[in-house]
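Here's a quick look at how one chain is put together and how its parts meet. Have the model open alongside as you read.

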Amino acid sequence: MGEYTSQELISIFAMQGFAGISLFSVLLLMALGLAIIFGQMGVINMAHGEFMAVGAYTTYILSVACEEYVPGFLPYYFVFAIIASFIVAGFLGYLAEYALIRHLYKRPLDTLLATWGLSLIMQQAFRSIFGAREVSPILPDWIIGAYHATETIDIPINGLFVLGLTVVITLGVYLLMFKSNWGLRVRAITQNRIMSGAVGINTKMVDRLTFALGCGIAGVAGAAFTTIASTGPTTGSAYIVDTFMVVVFGGAASLFGTIASAFTIAQAQSILEFFISGSIAKVITLLTIVVILMMRPEGLFSIKVRK
Amino acid sequence: MNFVYDRLLGGKNGAIGVAILAALIFIVLPLSLDLFRLNLVGKYLTYAFAAVSLVLLWGYGGILSLGQGVFFGLGGYCMAMFLKLESSDPISTKIQSTPGIPDFMDWNQITQLPLFWQPFNSFGFTLLAVVLVPSIFALIIGFSMFKRRVGGVYFAIITQAIALILTVLIVGQQGYTGGINGITDLRTLHGWDIREDSAKYILYFINAILLFTVVFIGRYILTSKFGRLLLAMRDKEDRVRFSGYDVANFKIFIFCVSAVISSIGGAMFTLQVGFMSPSFVGIVPSIEMVIFAAVGGRMSLIGAIYGTLLVNFGKTTFSESFPELWLFLMGGLFIGVVMFFPNGLAGIWEKHGKKMVACISRLQCYNVAKTLIENWRATRLNTAEK
């Protein structure tokens with residue numbers, strides 16, 4: 001780092017930091033859903049990345065439809081696209097839980113394989129419907145561009161928007177999990193499934209809705225993702241391992257841990273990327289996490305759970 | 001003799017199973033397929049090593065590793081490094097700016113053979129490395145995870161991350177590993193041209209013999225006391241621990257064994273196919289190896305081989321004629337096997353196939369048919385009388 005002045009270093013950290021924030025937002029949105037599902041049901045959803053892609057493609061379809069039929073609405077459609085992504089991905093998640101996952105709760109390793117199969121099918125479905133080429137929706141003007149904070153620092157507005165969206169969703173998840181009756185039931189099931197059933201909580205229904213919620217949030221992640229990069233059939237699977245690492249590293253079922261670990265991983269990767277090649281940055285980040293996990297298997301923050 | 005018959009062949013049923021598979025691999029396939037197809041089967045059989053290792057590790061041990069491709073790749077790369085060094089002697093690489101080093105190093109402006117490549121000049125060391133490198137690697141991973149009682153899905157995710165790390169590393173370090181293209185253009189082993197037709201036949205049979213040896217070793221392990229403990233650990237780990245066994249050590253051992261088995265498969269892959277690349281190391285091949293074992297039957301060593309052959313034949317056939325359909329089919333296979341046939345082909349055979357064979361062999365079918373016909377006649381007579 002010797003050849004950079006301290007002024008330049010600050011700028012580099014700031015710029016790469018903001019680049020990292022976009023990655024952080026997507027990782028966090030993906031991981032939130034996964035963490036809830038994994039924490040509560042112990043189910044590993046390998047198709048989670050594809051649910052994100054569902055959200056991204058929903059946004060794309062809406063943008064195309066909007067341009068075709070109501071071009072005047074184009075600046076505002078994005079808000080509705082986010083909601084639509086949530087609904088579509090959540091509905092598909094609901095179906096997947098009903099058709100597939102609920103039969104496999106007793107065999108967590110097998111859910112991993114079955115959802116991998118589901119992800120293959122979804123990937124090929126994307127390829128058949130949208131083609132192998134990557135697509136991007138038409139973004140409203142207000143999302144594009146950058147805000148010049150100082151002479152050497154540019155802050156992309158899409159990054160800020162995605163960050164804002166992430167904050168809203170995270171806050172929403174927090175309120176839902178910790179302030180609502182439904183969240184109370186979810187947490188009760190996480191801590192002790194059998195007792196929760198005994199006191200009259202419909203655990204099966206809560207499971208299904210939780211799964212749908214997790215997939216819905218992944219859909220929102222997909223909508224947010226379209227502002228950063230273009231979407232292809234394998235977009236989701238590119239993020240899935242990183243997302244798993246976020247969840248495991250943060251400690252399953254811990255909201256705060258998930259946020260902290262998504263931030264650490266995204267920032268580490270993004271800042272390292274500037275100084276060394278991207279692949280080595282990724283290797284170092286992942287390797288560090290694996291080593292930390294070997295020393296502390298329960299993750300950064302964990303809550304006590306009765307198995 | 002009893003030891004061989006009972007323990008290695010697994011009694012009468014086991015011996016028949018082994019004999020049928022041996023007949024298929026050693027006689028039927030070599031006689032009926034042309035060399036190109038046979039080489040393809042040879043390639044599939046190298047994947048079968050990984051599938052067999054997963055039967056031991058996952059089916060009996062209950063440890064799902066999504067990183068078997070790592071060990072397959074380690075073995076493959078060890079062998080590829082040796083072959084590459086042999087084919088890049090100073091004479092045939094004299095047009096390079098630094099003769100005597102592999103071509104991809106020269107393209108990446110590396111002027112000296114890296115230190116970790118140098119021992120691979122020796123074939124003996126390479127053979128040792130094929131066994132030792134993956135077992136040391138598995139020992140480190142296993143020791144740090146099983147001693148801390150990391151298991152189940154956590155283990156699966158971490159091994160998957162390791163597979164990703166290794167792939168990214170190999171692709172990124174182009175000068176040392178050949179990058180995304182892998183190590184290609186492998187020609188001779190001690191002057192013996194591995195691309196010749198006769199060499200391909202010989203390698204196919206060596207591969208098949210090694211595979212059967214591995215199956216016998218697997219049988220030996222599973223029928224020993226250790227095999228029983230393995231099953232007990234899978235079903236009630238705590239109870240085994242309370243009985244005074246060190247569960248972690250058993251898990252580390254079986255993980256290392258499965259790593260070595262996969263690695264041997266990788267080394268044979270390199271020899272038969274003539275190259276090694278990161279596309280056989282990463283997440284996707286690793287999880288495909290799991291599906292081979294799952295389709296064949298996660299509790300059956302022989303079944304895993306059938307599963308590997310079947311899925312790969314399917315893949316080759318379908319991706320040639322209907323590439324679109326293949327992923328749908330593969331995904332459906334995953335879901336279907338997991339949901340409806342958790343014990344795979346071997347499970348179906350145990351449940352239905354055996355009965356049918358027994359029925360035919362004891363002529364029960366004849367009796368059943370006879371009773372059916374008599375009943376039918378009786379009813380017809382009854383109706384006629386009315």
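## Chain B at a glance

Of chain B's 386 residues, 42% are buried (20 or more other C-beta atoms within 10 Å of a residue's own, with C-beta atoms placed from the backbone). This is a predicted model, where local features need pLDDT of at least 70 and side-chain atom pairs count only at pLDDT 80 or more, while totals for chains, interfaces and linings use all residues. Residues are numbered from 1 along each chain as its sequence is written, with chains lettered from A and ligands numbered from 1 in the order in which they are written.

Chain B has 17 helices and two strands (DSSP runs, H or I of at least four residues for helices and E of at least two for strands, numbered from the N terminus). Its C-alpha trace spans about 100 × 55 × 50 Å along the principal axes. Take the contacts (C-beta atoms, placed from the backbone, within 7 Å) between residues at least 6 apart in sequence: 78% of them join residues at least 24 apart.

Chain B splits into domain 1 (2-342) and domain 2 (345-386), with bounds from an automatic or database domain assignment. The C-alpha centres of domain 1 and domain 2 of chain B are 45 Å apart.

Where they meet, ten residues of domain 1 of chain B contact four residues of domain 2 of chain B. On the domain 1 side, α13 (283-296) and α14 (301-321) of chain B are the elements giving two or more residues, and α14(B) supplies the largest share, three residues. That side has five nonpolar, five polar and no charged residues (Ala, Val, Leu, Ile, Met, Phe, Trp, Tyr, Cys and Pro count as nonpolar, Asp, Glu, Lys and Arg as charged, and the others, Gly among them, as polar).

Notes. Buried ≥ 20, exposed ≤ 12 C-beta atoms within 10 Å, placed from the backbone. Contact = placed C-beta atoms within 7 Å.
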